[in-house]
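Visitor: I would like to go through this model feature by feature. Please give the general idea each time and then the case at hand.

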Amino acid sequence: MSATGFERIAAGLYRRNGLIYARVREDGKRSWRGTGTDNIVTARKLLKKWREEQVLKVHGIETQEAALNRNRLTVAKILADYVKAGCPTKKMQPKSPSTVRNETMSLNPVRRHFGERAAVTLKLADCDAYRDWRNAGGYTITRIRKDGEEVTIRTRGGDRGVDLELTTLSNALTLAVRRGELKANPLAGRTAYTLADTVRHCREVAPTPEGLAKILRWLRNSPVPDVADLVAFLAFSGLRIGEALP
């Protein structure tokens, strides 16, 4: 028995505390892998399977287990990993806090629509279906009014919003490809729905500071003075309405 407590019982197999461990080489380094059994026949089968997987990996051939894991990988898991990673750029650089916040918000309807789908099954045609779903008010949110009553609101992203949401989804898929979880981004090559000549920047229609002050005074004297607070918050934060309301 070695100093580590492993007793050799067969080629590549050792026993410790009643269970059998295999001595294998992973990525060029020797390591221990527990078989979870005390049956030497089962342990030999596992050792053979692990060694075959390593040979395939060395020659760049995907193992059956890796293929199964890829086919099980859901969009929800990819989105969660993307957010956990901080929504990095394609070059793995950090984005600004405001961009991360906007991307995190834009993933809410994407998660609702695609969440349980296997990522490998996504197709460009799914983008068209998502656009139809969003613009028909398929994504709903629940808010609580001042009187305590819950109100369900249908939201519509519009083509500009849909493009931003699908771009964020594509960014998350790109990260999964980089990590080796997907072979390719199924949404690569997607064309935008928004026409360039119909896009106006908010600065083109934004009021002047003096005009904003007049709007706020008018709203505070109206039957809905709370709206003035929202307008002021939007002006100072730069958020969209859907981002600011929560």
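Visitor: How many bridges join strand β3 to β4?

Guide: Strands of a sheet pair through backbone hydrogen bonds, either parallel or antiparallel. This is a predicted model. In it, β3, residues 19-26, is joined to β4 by six bridges, and the two strands run antiparallel.

Visitor: What joins β1 to β2?

Guide: Three bridges do, between β1 and strand β2 (residues 13-16), and the strands run antiparallel. E7 has R15 as its bridge partner in β2.

Visitor: How many residues lie between β1 and β2 in their hairpin?

Guide: Two residues lie between them, and G12 in the turn has a positive phi of about 80°.

Visitor: Now the helices. At what angle do α8 and α9 pack?

Guide: Two packed helices are described by the angle between their axes and the distance between the axes. For helix α8 (residues 209-220) and helix α9 (residues 226-237), the angle is about 160° and the axes are 8 Å apart. Angles over 145 degrees count as roughly antiparallel, and that makes α8 roughly antiparallel to α9.

Visitor: How many salt bridges does the structure hold?

Guide: It holds eight. Take D81 and K77, which form a salt bridge with their closest N and O atoms 2.7 Å apart. Both residues lie in helix α3 (residues 75-84), four residues apart, which is about one turn of the helix.

Visitor: Is D81 buried or exposed?

Guide: D81 is buried, with a relative accessible area of 15%, because the cut-off for buried is under 20%. K77, at 41% relative accessibility, counts as partly exposed.

Visitor: With which residue does E103 form a salt bridge?

Guide: The partner of E103 is K95, and the closest N and O atoms are 2.8 Å apart. Here E103 and K95 are both buried.

Visitor: Which helices hold D159 and R131?

Guide: The side chains of D159 and R131 meet in a salt bridge at 2.9 Å, N to O. D159 lies in helix α6 (residues 158-178) and R131 in helix α5 (residues 124-135), so this pair ties together parts that are 28 residues apart in sequence. D159 counts as partly exposed at 23% relative accessibility, and R131 is partly exposed with a relative accessible area of 28%.

Visitor: Which residues do salt bridges with shared partners join into one network?

Guide: R117, K123 and D126 are joined in this way.

Terms used:
Residues numbered from 1 in each chain as written. Predicted model: local features only at pLDDT ≥ 70, side-chain atom pairs only at ≥ 80, totals over all residues. Heavy atoms only, no water. Pairing = 2+ DSSP bridges. Axes fitted to C-alpha atoms, helices over the stretch in contact; angles between N-to-C directions. Parallel < 35°, antiparallel > 145°, perpendicular 65-115°, else oblique. Salt bridge = Lys/Arg side-chain N within 4 Å of Asp/Glu carboxyl O. Buried < 20%, exposed > 50% of the residue type's maximum accessible area, 1.4 Å probe, protein only.
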